[in-house]
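Please open the structure in your viewer and keep the selection tool at hand.

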Amino acid sequence: MKRNFKITGLVAAMMLTTASYAQAETLRLLTWGSYAPDELVQKFEERYPDITVEVTFSNNEEMIAKLRATGGAGFDLAQPSHDRIAAAQLEYDIYKPLDLSKIDTSVMESSHLEGVKANTTIDGEVYAVPHQWGTSGLMKNKAEAPDFAGWDDLCDPQYAGKTSMRLKRTILLGTAFSMGHDPFAAYDDLDKYQEILDEVADKLIECKANIKAYWQGGDDLSAMMLSGEIVASETWDSTAYKLFAQNPDIVFVPPETGALAWIDTFALPRKGKADDAAYKWINFVLEPENVSIMSGSTGAIAAVKGGLDLLPEDKRNAVTAAFTDEDIANLKFFANIPPGVEDMEGKTLERIKAATGG
Amino acid sequence: MQSDIKRLSLILLFAPFALWIFLLIALPHIGMVILSLREKVAPRVYEFGFGNYIDFIQEPIYWNTLLRTGSMSILVTFLALLIGFPIAYYIAKIAGNRSKGALFLLCLIPLWVSDLIRAFGWILLLRETGVASSFLLWTGAINEPIEFLYNDVTVVVGLVYTVILFMIVPLVSTLDGMDDAMVEAGYNLGGSGFTVLRRIIIPYAMPGIVSGCIVVFMLTAGSYLTPILLGGKNSSWFTEQIYDQFITRFNWESGAAFGFLLLAFTSLVVWLGLKLTGQTLANTVAKS
């Protein structure tokens, strides 16, 4: 008899939990590592007790691959970079248009908002709005490599075996700029772009002997830089800022030809099931005090008005130490990737990787 | 009645295996074949054709990488056999009954740690500021730190370390079944140590050698983490090409084609290996 009570109790408890679970909405975020700090998730769940947040950390390529595999199901809000939306949408139909009336766009920095809208509008529908922006550029150890200033310095023999880069499209674009080309302008003429890529590939193959290793993620880059195994590298600005906190000699260097700027966005996967919760999250993280928490975690600048001032103090110092107004004016925003370019760049990267340089 | 029950139990016993083979092996592969035969002509437009396979043949980078992966895998298999055989022989034949179990267990322990962690272990040991380099500096054997990572030798060493267990385990179990009297008889008939090894032990261990080599070769050719992490800038491994096709280039069609080419290539190498050594699956693997 006693046992029976226990079982009924258990069943009742299970029914209760499933019932309350069914009521609660789940917001499944597909985003970058550090783009959903615990502090913000908790705060959000306190404000909207009926929403549970589930976070999956990823990167641009994996986000698209994951959404493509399911036709845009499995997640309610994704955060790819602004240049990776239009082509992916055209090819695989993985996003749905945003209802801008549900987003408080008035707080967003208008240049970023207009830029992202222009990049992600297909058939009159807008597919993304900006969230955070930052740059890719270089970093150096001031004590060891004081004169390091441009993309091509990575290949300078005086730093032989002491530089690093990530073998992804950023370094192709940076090298193209340092060779005097404008790769973004060549996106309209893919034959021209192929010529640039071939030139860049030859340069980077020649440079291979100069490179210690290609880094894969922020952690191995940090380890090499902090241990002194390398003195300069291609990097994300946020990684450089983090290292600056540990060793003030390590600074971010906007390359002479301009740092490459990216904007991470908010986009709705096509088969997302919690659009309202997604819009709530978007508006929530755009609130000023939440922007500070977010930027503190990501190390990137929010694409809202006065985003720089909303950075936590240490990050703001690192940014102002690295960028002059001139550097900011010289930023090169990643242009929309037209269909086909990914394949060309991929082939070029494979050529570089497969070459035996030393 | 009796035969019905027998048949039913056979079906029931066989069902999980059949389901597993069909749902998790056959079905996905059929999907991959179809995928690999789609040619992309425009966004969201595909045509049936062999374009992805033709691309592979026309691009030297791809087949060079495949050949490189294949030849390095053969080298790894050979080294694993060379190093693993004496260990297996010691465990199976020379060690006492009590230490046998302990030694076998010692061999298995590294398997409890994931591949990734073991690869990072190698990185910590071999990097320029790592344990090996610092130790050599300290002893005065070298004056400047040495980078041991990011070359083919490191990749081969790391791979041998990862796969050698899969060579030792089948070897131990085959050698275990060998009667010591056979070795003694060989010596009694005047055979030298080498003759005994060549004429008695190796033929007896052949089923273990063949199955060990097949497993090790397949694992090596299909491995991803070790070559990428230890090989650094010069490691081109075919699995990385497949990953790149799927993930960074969004080109699932040619990724699927590459997957099949890898499967076909490794199967071909195993078949050739069996032919060249005059073995068949039936009298080796099936026997062990």
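Domain bounds, as used here, come from an automatic or database domain assignment. The model is predicted: local features need pLDDT of at least 70 and side-chain atom pairs count only at pLDDT 80 or more, whereas totals for chains, interfaces and linings use all residues. Residues are numbered from 1 along each chain as its sequence is written, and chains are lettered from A and ligands numbered from 1 in the order in which they are written.

**Stop 1: the domains of chain A**

Select chain A and colour its two parts: domain 1 (23-131 + 264-309) and domain 2 (134-261 + 332-354). Their centres, taken over C-alpha atoms, are separated by 27 Å. Two residues are in contact if their C-beta atoms, placed from the backbone, lie within 7 Å. By that rule, 13 residues of domain 1 of chain A are in contact with 11 residues of domain 2 of chain A. On the domain 1 side, helix H4 (86-92) and helix H5 (110-119) of chain A each supply at least two residues; helices (H or I, at least four residues) and strands (E, at least two) are DSSP runs, numbered from the N terminus. The largest share of that side, 4 residues, comes from H4(A).

**Stop 2: the nonpolar core**

Next, select A:Leu77, A:Ala128, A:Ala232, A:Ala267, B:Val163, B:Met167 and B:Leu171, the residues with the most contacts inside the largest nonpolar core, which has 131 residues. A nonpolar core is a set of buried Ala, Val, Leu, Ile, Met, Phe, Trp, Tyr and Cys residues joined through C-beta atoms within 7 Å. A residue is buried if 20 or more other C-beta atoms lie within 10 Å of its own, exposed if 12 or fewer, and partly exposed in between. Helix H7 (residues 152-176) of chain B gives the largest share of this core, 12 residues. At least three residues are also drawn from each of domain 1 and domain 2 of chain A.

**Stop 3: where the chains touch**

Now display both chains: 20 residues of chain B are in contact with 22 residues of chain A. Which helix supplies the largest share of the side of chain B that touches chain A? That share, 5 residues, comes from H11(B), a helix that spans 238-248.

**Stop 4**

Most residues other than glycine have a negative phi. Select A:Asp123, where phi is positive, about 50°. This residue lies in the loop between strand S5 (121-122) and strand S6 (125-126) of chain A. A:Asp123 counts as exposed because it has 5 C-beta neighbours inside 10 Å. Then move to B:Phe250, with a positive phi near 55°, in the loop between H11 and helix H12 (252-276) of chain B. Is B:Phe250 buried or exposed? It counts as buried, because 22 C-beta neighbours are inside 10 Å.

**Stop 5: a hardly covered helix**

Finally, select helix H8 (residues 180-188) of chain B, which is hardly covered: the count of buried residues among its 9 residues is 0. Just after H8(B), B:Gly190 has a positive phi of about 90°. H8(B) packs with helix H9 (residues 193-221) of chain B at an angle of about 145°, and the axes are 10 Å apart. Axes are lines fitted to C-alpha atoms, for helices over the stretch in contact, and angles run from 0 to 180 degrees between N-to-C directions. Show B:Met182, B:Val183, B:Gly186 and B:Tyr187 of H8(B) together with B:Val196, B:Arg199, B:Ile200 and B:Ile201 of H9(B), which make the contact.
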